[in-house]
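Dear colleague,

Please find the structure below, together with the sequence. My notes follow it, and I would be glad if you read them with the model open beside you.

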Amino acid sequence: MNFRIGFGYDVHQLKEGSPLFIGGLQLPAEKGAVGHSDADVLLHAICDALLGAANLRDIGFHFSDTDERWKGISSIILLEKTAGLLKEKGYRTGNIDCTLCLERPKVNPHIPAMQEKIAEALGVSPADISIKATTSEKRGFVGREEGVTAYAVALIFSL
Ligand SMILES: Nc1ccn([C@@H]2O[C@H](COP(=O)(O)O)[C@@H](O)[C@H]2O)c(=O)n1
Ligand SMILES: C[C@@]1(CO)OP(=O)(O)OP(=O)(O)OC[C@H]1O
């Protein structure tokens, strides 16, 4: 078996009145993330970790933010497409570990549902998807609730 690892990072601006999509779910929140797609920062970091593991460039290379096809698209679809790109190269997902940096709301109650969504898109078990969260202790860009960031690592393998 050939194992490879990858790392992903993403940032989105937060704006009052925009919807907040995280991990494939819309969460109740005063501020939501802004982007060309649904701006799901956690899924974008996971896409980049998977693409990086396969040395397949990054999310914007495959799904450009100037392409009308991806305007407002659910990032779960982008994650499914990313899994398809890896499959074409003979890779399967092993496990994912990611961290969301968001001042509020607390996402802990929603993590099991996010694990289910992500696992379904990648064709793995929810047990293979680890999601963690932290605030930024009211410091910096995240702490001032101006934005949200996410980090992810992915293990992939080919038989
Ligand atoms: N948006 C968030 C941020 C954090 N959590 C959970 O709260 C714990 C404490 O956060 P600190 O920033 O004070 O470390 C953290 O470990 C997470 O379990 C969350 O659910 N949603
Ligand atoms: C997902 C894409 C494509 O809709 O757009 P955004 O939602 O702006 O997200 P980002 O992480 O900035 O870049 C990747 C994009 O090309």
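**The sheet and its pairings**

Strand E5 (residues 92–101) and strand E7 (residues 147–158) run antiparallel and are joined by nine bridges. Within this pairing, threonine 93 stands opposite isoleucine 156 in E7, and aspartate 97 has valine 153 of E7 as its bridge partner. Please keep in mind throughout that this is a predicted model.

The two strands belong to an open sheet of five strands, in which the order is E4-E1-E7-E5-E6 and the pairing is mixed. Strand E4 (31–34) and strand E6 (129–134) stand at the edges and have a single partner strand each, so one side of each is left without a neighbour in the sheet. From one strand to the next, the twist averages 25°.

E7 also pairs with E1, and here 12 bridges join the two strands, which run antiparallel. Two positions let you find this pairing on the screen: tyrosine 9 stands opposite tyrosine 151 in E7, and aspartate 10 stands opposite alanine 150 in E7. E1 pairs with E4 as well, again in the antiparallel sense, over four bridges, and in that pairing leucine 14 has alanine 33 of E4 as its bridge partner.

**The helices**

Helix H1 (residues 41–53) lies across strand E1 (2–16), E4, E5 and E7, and its direction is at about 155° to that of E1. H1 also packs with helix H3 (residues 75–88), at an angle of about 5° and with the axes 10 Å apart. Because angles under 35 degrees count as roughly parallel, H1 and H3 are therefore described as roughly parallel to each other. On the H1 side the contact is made by Leu43, His44, Ile46, Cys47, Leu50 and Leu51, and on the H3 side by Ser75, Ile76, Leu78, Leu79, Thr82 and Leu86. Sorted by class, the contact of H1 with H3 has nine nonpolar and three polar residues, and no charged residues.

**Two backbone details**

In the loop between E4 and H1 you will find alanine 39, which has a positive phi of about 65° although it is not a glycine. The other detail concerns proline 105, in the loop between E5 and helix H4 (111–122): a cis peptide bond joins arginine 104 to proline 105, with omega at about 5°.

**The ligands**

Which residues surround ligand 1? They are Leu102, Arg104, Lys106, Val107, Asn108, Ala133, Thr134 and Thr135, and this shell divides into three nonpolar, three polar and two charged residues. Arg104 of this shell is also the residue that the cis peptide bond joins to proline 105.

Ligand 2 is surrounded by 14 residues, of which the closest are Gly35, His36, Ser37, Asp65 and Trp70. By class, the shell around ligand 2 has six nonpolar, six polar and two charged residues.

**Confidence**

The protein chain averages a pLDDT of 98, and 100% of the residues score at least 70. For the complex, the predictor gives an ipTM of 0.91 and a pTM of 0.97.

Technical notes: Residues are numbered from 1 along each chain as its sequence is written. Chains are lettered from A and ligands numbered from 1 in the order in which they are written. This is a predicted model: local features need pLDDT of at least 70, side-chain atom pairs count only at pLDDT 80 or more; totals for chains, interfaces and linings use all residues. Two strands pair if DSSP finds at least two bridges between them. Axes are lines fitted to C-alpha atoms, for helices over the stretch in contact, and angles run from 0 to 180 degrees between N-to-C directions. Two residues are in contact if their C-beta atoms, placed from the backbone, lie within 7 Å. A residue is near a molecule or strand if its C-beta atom, placed from the backbone, lies within 6 Å of it. Ala, Val, Leu, Ile, Met, Phe, Trp, Tyr, Cys and Pro count as nonpolar, Asp, Glu, Lys and Arg as charged, and the others, Gly among them, as polar. Angles under 35 degrees count as roughly parallel, over 145 as roughly antiparallel, 65 to 115 as roughly perpendicular and the rest as oblique. pLDDT is the predictor's confidence in each residue, from 0 to 100.
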